Amino acid sequence: MKQPIPQDVARAAEAALVSALTLNASATLAAARGLCDPEDIDNVFLRAVWRAALELAERADPIGPVTLAAEAVRAGNLPAARAHAIVCEALAGEGLPAMASAYARRVRRESARRALLIGATTMFRRARSGEDEPEESAAALRGLAEDADRAVTPVETAANAGMDDRSKALDIVNNPQNPLHKAYHNAEDPRHTEAVETKSRFNQ
């Protein structure tokens with residue numbers, strides 16, 4: 001029987017991912033692209049630093065402690081008085097850019113795990129109290145499973161891992177095996193917005 005993953009171990013990937021920015025921010029961000037979102041990071045300070053790094057990269061601005069702190073303050077995600085200290089602490093870990101994709105996948109998986117626990121707890125409470133009928137509980141359970149499956153499905157596949165960004169964008173549009181292909185072509189799909197935004201990022 002598998003043992004529960006300790007909370008500190010589960011969150012270690014978040015710290016490693018963010019601290020990898022210190023050695024090579026562009027390589028770290030490129031390796032993690034499409035594999036996790038800022039919202040997947042549970043630690044509010046690490047999430048703020050990662051979000052700031054993404055914003056700076058989007059504008060092609062330099063990424064370092066000073067610019068990260070300034071961007072996080074500008075976005076309202078860190079308090080001005082402590083921003084620099086928080087950023088320096090976040091960057092002081094031992095994360096490696098070469099491992100960024102592995103860190104990002106772990107971050108996404110643990111985010112999905114938390115969402116499942118919260119959703120399952122809520123579903124159990126509602127079913128036990130009689131708020132939901134059995135059919136509603138069954139539908140909620142299916143929804144939880146589908147959400148978890150989407151959360152751990154990487155944007156990159158084995159087939160497109162070696163492509164340049166423009167080719168990856170075309171792969172989303174043209175390759176039925178790409179996990180975002182159907183969503184891109186179906187505006188009603190829950191992942192449609194994600195698919196469109198991912199294609200746009202690859203096209204930049």
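Which residues make a nonpolar surface patch of about 290 Å²? I found Leu23, Leu96 and Met99 there. For a patch I took residues with over 30% relative accessible area and no salt bridge, joining nonpolar side chains (Val, Leu, Ile, Met, Phe, Trp, Tyr) within 5 Å and like charges within 9 Å. Met99 sits in the loop between helix 5 (83-90) and helix 6 (100-129), and Met99 is partly exposed at a relative accessible area of 39%.

**Ground rules**

This is a predicted model, so I kept local features to pLDDT of at least 70 and side-chain atom pairs to pLDDT 80 or more, while totals for chains, interfaces and linings use all residues. Residues are numbered from 1 along each chain as its sequence is written, and side-chain values use heavy atoms, with hydrogens and water left out.

**The whole chain**

I looked up the elements next: the protein chain has ten helices and zero strands. Helices (H or I, at least four residues) and strands (E, at least two) are DSSP runs, numbered from the N terminus. Of the 204 residues, 35% count as buried. My classes are buried under 20% relative accessible area, exposed over 50%, and partly exposed in between, with a 1.4 Å probe and protein chains only.

The accessible surface comes to about 11,900 Å², and 55% of that belongs to carbon and sulfur atoms. These areas come from the Shrake-Rupley method with a 1.4 Å probe; for residues, only the protein chains shown count as cover. I also looked up contacts, meaning heavy atoms within 4.5 Å. Among contacts with a separation of 6 or more, residues 24 or more positions apart account for 57%.

**The cores**

Which residues touch the most other members of the largest nonpolar core? I noted Leu17, Val18, Leu21, Trp50, Leu68, Leu78 and Val87, out of 31 residues in that core. Helix 1, helix 2, helix 3, helix 4 (65-74), helix 5 and helix 6 each supply at least two residues, and helix 3 gives the most, with seven. By core I mean a set of buried Ala, Val, Leu, Ile, Met, Phe, Trp, Tyr and Cys residues joined through side-chain atoms within 4.5 Å. A handy reminder: in soluble globular proteins, nonpolar side chains tend to be buried together.

Leaving aside neighbours within four places in sequence, Leu21 is in contact with Thr28, Leu29, Trp50, Ala53 and Leu91. There is also a second, separate core of six residues, including Ala169, Leu180, Ala183 and Ala195.

**Helix 8 and His192**

Which residues of helix 8 (residues 165-174) are buried? I have Lys168, Ala169, Asp171, Ile172 and Val173 on my list. Their cover includes helix 9 (181-184) and helix 10.

His192 belongs to helix 10 (residues 192-203). I checked its polar contacts, which are pairs of N or O atoms within 3.5 Å; within protein, one must be able to donate a hydrogen and the other to accept it, and residues adjacent in sequence count only if both atoms are side-chain atoms. A polar atom of the His192 side chain lies 2.8 Å from the backbone oxygen of Ala183, and the side chain also reaches the backbone oxygen of Tyr184 at 3.2 Å. Not counting residues up to four places away in sequence, His192 touches Ala183, Tyr184, Asn186 and Ala187.

**Salt bridges**

How many salt bridges are there? I got 14, taking a side-chain nitrogen of Lys or Arg within 4 Å of a carboxyl oxygen of Asp or Glu.

Asp42 pairs with Arg11, with the closest N and O atoms 2.4 Å apart. Asp42 lies in the loop between helix 2 (25-32) and helix 3 (44-58) and Arg11 in helix 1 (residues 7-19), so the pair ties together parts 31 residues apart in sequence. Asp42 is partly exposed at 27%, and Arg11 is partly exposed at 32%.

I then looked at Arg51 and Glu39, whose closest N and O atoms are 3.3 Å apart. Arg51 lies in helix 3 and Glu39 in the loop between helix 2 and helix 3, so this pair ties together parts twelve residues apart in sequence. Arg51 is partly exposed at 27%, whereas Glu39 is exposed at 51%.

Arg126 and Glu131 meet in a salt bridge at 3.2 Å, N to O.
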